[in-house]
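Subject: Structure for you to look through

Dear colleague,

I am handing over the structure we talked about, and below it you will find notes on what was found. Please keep it open beside you while you read.

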Amino acid sequence: MSQMLREIRQQPVALERTLASSLRPMERFRRVLEKHRPRLIVLVARGTSDNAALFGRYLLEITTGIPVSLAAPSVTTLYDAPMDYRGALVVGISQSGESTDTNAVLRQARIAGALTLGVTNQASSAMTKIAEHVFLVRAGEEKSVAATKTYTGQMLIFYLLAWALGGIQRLSDLERLPSAVAGALRLEGQICELAGRYRFMTRAVVVGRGLNYANAFEFALKLMETSYVVAERFSSADFMHGPIALVEPGFPVFAFAPPDVTWPSISTTLEKLQALRAEIVAISDSGNTKVAARANRVIRLHNKLDEVFTAIPYVVPAQLFAACLAAEKGLDPDRPRTISKVTHTL
């Protein structure tokens, strides 16, 4: 068994631990935000953490109404462009806390007047010394290069941040997420059997929208780094504006299909893909009674989930599929070729 698969299975406990340890610090941070409510939120990250930031952008804008921007680190590290961060909350997200360019932006933002927040899994990292406020993802050591439990932990911190900004009303909703993830993990056997069908897959598309758009990026990244599949990722809206020309009979398309406001768009895209005879695998839950008519195969979570809280449980089947596909291909997802756990870029 790969370390990646072991760490996927650890997520319910990691999420419970992160939630329990973060509640009191987030209550204190909430009081800070009540006194200094940001006019703008800027998120800075790389890799899987950048996908978590993309999720955070949607969640925070939808629930709080505060504009959120994803930083381009090169603006600071290469162009040395001065930025006015007064009145902004700048959040750095890094599994290791050692991402060179993420920390450079965070450091410059604090100098330029921002309220700064670091989100990392490493308590003794450089990020914890740079950011004014720090929230730790209590995932435990993540040994596999393919990040899984730190990704969902970072997403959970964004839910807590949304609560601190008044966007989410009940913390009890977050307390149900570990159980929902445990439910998704019970699909492991079904998903690994399905992965066997795609042993020789070399290219694919992943589609999502809204709160699951970031999961499309994360699923595609996992397919690329663990199984060397050329995986493109799109929103269902953008996909129809040109990239759908890629699709030919048998072309594999993976879609996140929750029964929420994004379903009409996803359904229309899947209907078009059916006409092109694409091979469609949808990730959904028991609340979507229509998805089976729009996909060749459905990975279905057994419980109906509130639309705001689908993203963490929905990414778990994607993680399992990537880990199982790597095993089917005889590859080691813990040590992908040419990459390492901590990447330093400027």
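A disulfide is counted here wherever the sulfur atoms of two cysteines lie within 2.5 Å of each other. Please keep in mind throughout that this is a predicted model.

How many disulfides does this rule give? The count comes to one disulfide, and the pair that forms it is cysteine 192 and cysteine 324, whose sulfur atoms are 1.8 Å apart. Because cysteine 192 belongs to helix 10 (residues 188–197) while cysteine 324 belongs to helix 14 (residues 311–328), the pair ties together parts that are 132 residues apart in sequence. In general terms, a disulfide is a covalent bond that joins the sulfur atoms of two cysteines. Are the two partners buried or exposed? Cysteine 192 is partly exposed, since its relative accessible area is 23%, whereas cysteine 324, with a relative accessibility of 6%, counts as buried, for which the cut-off is under 20%.

The next place to look is helix 2, which covers residues 11–35 and contains arginine 28. Arginine 28 has a relative accessible area of 45% and is therefore classed as partly exposed, and together with Arg24, Arg31 and Lys35 it forms a positive surface patch. Serine 21 is also found in helix 2, and with a relative accessible area of 30% serine 21 is partly exposed. When you trace the chain, you will see that serine 21 and phenylalanine 135 are 114 residues apart along it, while their C-alpha atoms are separated by 9.2 Å.

Aspartate 80 has a phi near 50 degrees, which is a positive value in a residue other than glycine, and its place is the loop between helix 4 (73–77) and strand 3 (88–94). With a relative accessible area of 64%, aspartate 80 is exposed. Arginine 277, which is not a glycine either, has a positive phi of about 60 degrees, and you will find arginine 277 in the loop between helix 13 (263–275) and strand 9 (279–285). Because the relative accessibility of arginine 277 is 60%, and exposed means over 50%, this residue counts as exposed.

A colleague

Definitions and conventions
Residues are numbered from 1 along each chain as its sequence is written. This is a predicted model: local features need pLDDT of at least 70, side-chain atom pairs count only at pLDDT 80 or more; totals for chains, interfaces and linings use all residues. Side-chain values use heavy atoms; hydrogens and water are left out. Patches are made of residues with over 30% relative accessible area and no salt bridge: like charges are joined within 9 Å, nonpolar side chains (Val, Leu, Ile, Met, Phe, Trp, Tyr) within 5 Å. Accessible areas come from the Shrake-Rupley method with a 1.4 Å probe; for residues, only the protein chains shown count as cover. A salt bridge is a side-chain nitrogen of Lys or Arg within 4 Å of a carboxyl oxygen of Asp or Glu. Lys and Arg count as positive and Asp and Glu as negative; His and the chain ends are not counted. The place of a charge is taken as NZ of Lys, CZ of Arg, CG of Asp or CD of Glu. Helices (H or I, at least four residues) and strands (E, at least two) are DSSP runs, numbered from the N terminus. Buried means under 20% relative accessible area, exposed over 50%, partly exposed in between (1.4 Å probe, protein chains only).
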